[in-house]
Amino acid sequence: MDNIELNKPCGCASEHPENDAQYAGLQVNAGIEQPPIVNPYMTRRKRRPQLTVSEYVEGIRKGNPAVLGQAVTLVESLMPEHQLVAQEVITKCLPFTGNSRRIGITGVPGAGKSTSIDVFGMHVLNQGGKLAVLAIDPSSERSKGSILGDKTRMEKLSIQPNVFIRPSPSAGSLGGVARKTRETIVLCEAAGYDTIFVETVGVGQSETAVHSMVDYFLLIQLAGTGDELQGIKRGIMEMADGICINKCDGDNVDRANLAAAQFRNALHLFPLPPSGFLPEVVTYSGYYELNVDKVFDMIDRYFEHVRANGYFEEKRRMQEKYWMFETINEQLKARFYSDPEVERMLELKEQMVLANAQSSFVAATDVLEFYYKNRI
């Protein structure tokens, strides 16, 4: 074996000495067969077939949550072909809508919105209702991602059969997600959900958008945080149809009652809302599920009042008008920015503005005039 060059780069005998003629009697056992890289038991997942418009409408009308979820996905999709199907489904579902109570729920982060919704939702179910929860989840301004983890904070509702929970990422475009949430409400109503909660981000302009799509706007506040004077300021207080002081339990009961009294006094300083119903203030504890019935007694009194004086229907008509114009604005904006020639001209104008060769106002006017002249 000394005359065999084991390190020789080529040649069968040199590369594999056991194959040399002098080792003809050598027996080489086969190695252990290696398992395949791909799991042989794994079956390739088949792509879910696209439903027809009639199948979507039929599934939604039967209350099928899987079909409803697929329809909402179409509504949220940015693909034009998905939008065409979604709008046709919404149109055919419209005759079966309008029979729910739409309740918007807002409050500062940490006020206990998700915990309260979990408790409020169980109250609705115990009364024989069917609930849909639509949560607008804030997206990261850097990564544009969202956690979409509202279900994890609604432990009781998430396992109930008569509950549909759908978080939607804001993705930096509040107007877009608000329109999608508005259209999702239509689909949920067609599916037979008689109570719809819309949870806001809790910051910025989301309250205004949600206020324009709900019948009742509930503001959740906290006591003992030093924020009572901020809460009494106008803005969100003028939009609220009712105020709840959460975490009224243990050592915080006195502070919660004091905060409630301060809010009641502040509400008397505001002009009477168009509904003709002076907003009420109640205290409760979402964690310990205390006085939840008082919250719904307050909500019931509001609905009885606005249905009696006709404001309920008037408000819904005004909301329909509002969303018509919002949709027009959104479509115009989308078509403008998706125009290839406008994109090229925007890049050119952007460089001119950055180089101080043209003011931003003149550049904007030039782009708009170009669009009006060539595309309208």
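Of the 376 residues of the protein, 43% count as buried (under 20% relative accessible area with a 1.4 Å probe and protein chains only; over 50% is exposed, and anything in between is partly exposed). The model is a predicted one, so local features need pLDDT of at least 70 and side-chain atom pairs count only at pLDDT 80 or more, while totals for chains, interfaces and linings use all residues. Residues are numbered from 1 along each chain as its sequence is written, and side-chain values use heavy atoms, with hydrogens and water left out.

The secondary structure comes to 14 helices and 7 strands, which are DSSP runs numbered from the N terminus (H or I and at least four residues for helices, E and at least two for strands). Among contacts in the protein with a separation of 6 or more, 72% are made by residues 24 or more positions apart; contact here means heavy atoms within 4.5 Å.

Now for some helix pairs. Two packed helices are described by the angle between their axes and the distance between the axes. The axes are lines fitted to C-alpha atoms, for helices over the stretch in contact, with angles from 0 to 180 degrees between N-to-C directions. Helix H11 (residues 292–309) and H12 have axes that come within 5 Å and cross at roughly 85°. H11 and H12 are therefore roughly perpendicular to each other (65 to 115 degrees; under 35 is roughly parallel, over 145 roughly antiparallel, and the rest oblique). On the H11 side, Tyr 302, Phe 303, Val 306, Arg 307 and Asn 309 meet Tyr 311, Phe 312 and Lys 315 of H12. Sorted by class, this contact has 5 nonpolar, 1 polar and 2 charged residues (nonpolar covers Ala, Val, Leu, Ile, Met, Phe, Trp, Tyr, Cys and Pro, charged covers Asp, Glu, Lys and Arg, and the others, Gly among them, are polar).

H12 itself (residues 311–338) has 28 residues and reaches 40 Å from its first C-alpha to its last, close to the 40 Å expected at 1.5 Å a residue; the expected span is 1.5 Å times one less than the number of residues. Its buried residues are Tyr 311, Phe 312, Lys 315, Arg 316, Gln 319, Trp 323 and Phe 336.

In H13, Glu 341, Val 342, Met 345, Leu 346, Lys 349 and Val 353 meet Ser 360, Ala 363, Asp 366, Val 367, Phe 370, Tyr 371 and Arg 375 in H14. That contact has 8 nonpolar, 1 polar and 4 charged residues. Asn 356 sits in the loop between H13 and H14, with phi near 60°, a positive value in a residue other than glycine. Asn 356 is exposed, at a relative accessible area of 71%.

A few other residues deserve a look. Lys 247, in the loop between strand S6 (242–245) and helix H10 (253–267), also has phi near 60°, and counts as partly exposed at 36% relative accessibility. Ser 116 belongs to helix H5 (residues 113–126) and is buried, with a relative accessible area of 0%. Leaving out residues up to four places away in sequence, Ser 116 touches Ile 220, Asn 246 and Tyr 284. Asn 64 lies in the loop between helix H2 (53–61) and helix H3 (65–76) and is partly exposed at 34%. Asn 64 and Ala 191 are 127 residues apart in sequence, yet 7.6 Å apart in space, C-alpha to C-alpha.
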